[in-house]
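Please look at the sequence and the model below.

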Amino acid sequence: MQKEDKYASVKEEITTIYHENMGRYGYRRITAELRKRNFLLNHKTVQRLMKELGLVCRVRMKKYRSYKGE
């Protein structure tokens, strides 16, 4: 007998937030966004669900900025 997934709606919301931001959001920012959308979850739960879904934050490269003043 299979138990139904109690985090099914949250998983959908996590994937939509992740793809809205082109994979740039990690578990901390996703947790904050979920709280704005009235999903109250612990950050550890969000981290575990993201790991189950295979969602990893992609860190973008910082541009090289050099300026030699006068």
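A residue is called buried when its relative accessible area is under 20%, exposed when it is over 50%, and partly exposed in between. The model is a predicted one. By that cut-off, Lys 11 counts as buried because its relative accessibility is 18%.

Start with helix α2, which spans residues 27-36 and has Tyr 27, Ile 30, Thr 31, Glu 33 and Leu 34 as its buried residues. These lie on the same side of α2, because they cover an arc of only 165 degrees around the axis. What covers them includes α1 (8-20) and α3 (43-53). On the face turned away from this buried side, α2 carries the exposed residues Arg 28 and Lys 36. Just after the helix comes Asn 38, with a positive phi of about 65 degrees.

Now turn to the charged side chains. The structure holds six salt bridges, and a network of them links Asp 5, Lys 11, Arg 48 and Glu 52. Lys 11 meets Asp 5 at 3.1 Å, N to O. Asp 5 counts as partly exposed, because its relative accessibility is 37%.

The side chain of Lys 11 also forms a salt bridge with Glu 52, at 3.2 Å from N to O. This pair links distant parts of the chain, since Lys 11 is in helix α1 and Glu 52 in helix α3, 41 residues apart. Glu 52 in turn meets Arg 48 in a salt bridge of 3.2 Å, N to O. Both of these residues lie in helix α3, four residues apart, which is about one turn of the helix. At 48% relative accessibility Glu 52 counts as partly exposed, and so does Arg 48 at 40%.

Definitions and conventions:
Residues numbered from 1 in each chain as written. Predicted model: local features only at pLDDT ≥ 70, side-chain atom pairs only at ≥ 80, totals over all residues. Heavy atoms only, no water. Buried < 20%, exposed > 50% of the residue type's maximum accessible area, 1.4 Å probe, protein only. Helix = DSSP H or I, 4+ residues; strand = E, 2+ residues; numbered from the N terminus. Arc of directions from axis to C-beta. Contact = heavy atoms within 4.5 Å. Salt bridge = Lys/Arg side-chain N within 4 Å of Asp/Glu carboxyl O.
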